[in-house]
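Okay, everyone, thanks for coming. Let me put the structure up on the screen, and then I'll walk you through it.

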Amino acid sequence: MIIQIVNPSFCDIVRAETSDVIGTHASTFFDDLTDFQDAWEKNTVIRKEKKFQRYGTYMRLVIFPMKDEGVVACILVDLTSEHQQREEMRRMKEALLLNVNKVIDKQMHIAQQIAGLLGETTAEAKVSLIKIRNALNEEIK
């Protein structure tokens, strides 16, 4: 797990010079080497997306063994901006949902108030009409 080759992008991500990275054990830059070990032992390609807390990045990893060369290669794709956009979109949807619920609650409250007022005026009108009807019935008799 000794790093043999890196590109400038990796050095930018880990904030180190190429000369400081090459020859260093991979555990210096990766908290968990299980995926590298699994790729080597199972001779398979591993694809994952994970957050690297120490670098403040969200990365896609493609890890694959190169048995002929005796190395495990890893391609890292920085997904930080896409991840941040998804998080921002999720927060916006959450805020929108909260506002929609507030509007629905307010509309229901207003509808209940209107229904209450209509109920009161309907009852008052009914009482008045019954009194008029009874008075007219008395006059007709």
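Before we start, one cut-off: a residue counts as exposed when its relative accessible area is over 50%, and as buried when that is under 20%. Also, keep in mind that this is a predicted model.

So, take Arg15. It sits in the loop between helix 1 and helix 2, which spans 18-21. Buried or exposed, what would you call Arg15? Its relative accessibility is 59%, so it goes down as exposed. As a reminder, most residues other than glycine have a negative phi.

Asn43 has a relative accessible area of 49%, so we call it partly exposed.

Okay, zooming out. The protein chain has 4 helices and 3 strands, and from the N terminus they go α-α-α-β-β-β-α. Now, how does the radius of gyration look against a compact globule of 141 residues? The globule would be near 14 Å, but this chain has 36 Å. The box tells you about the extent: the C-alpha atoms fill roughly 115 × 30 × 15 Å along the principal axes. Of the 141 residues, 21% count as buried.

There is a nonpolar core, though. The largest one has 20 residues, and Phe10, Val14, Val21, Phe29 and Phe30 have the most contacts inside it. Two or more residues each come from helix 1 (8-14), helix 3 (34-42), strand 1 (46-52) and strand 2 (57-66). Helix 1 gives the largest share, 4 residues. Val14, for one, touches Val21, Phe29 and Tyr55, leaving out residues up to four places away in sequence.

Over in strand 2 we have Thr57. Its relative accessible area is 9%, so Thr57 is buried. Who does Thr57 contact, if we leave aside neighbours within four places in sequence? That would be Ile13, Lys50, Lys51, Phe52, Asp78 and Thr80.

Definitions and conventions. Residues numbered from 1 in each chain as written. Predicted model: local features only at pLDDT ≥ 70, side-chain atom pairs only at ≥ 80, totals over all residues. Heavy atoms only, no water. Rg over C-alpha atoms; globule rule 2.2 N^0.38 Å. Buried < 20%, exposed > 50% of the residue type's maximum accessible area, 1.4 Å probe, protein only. Core = buried A, V, L, I, M, F, W, Y, C linked by side-chain atoms within 4.5 Å. Contact = heavy atoms within 4.5 Å.
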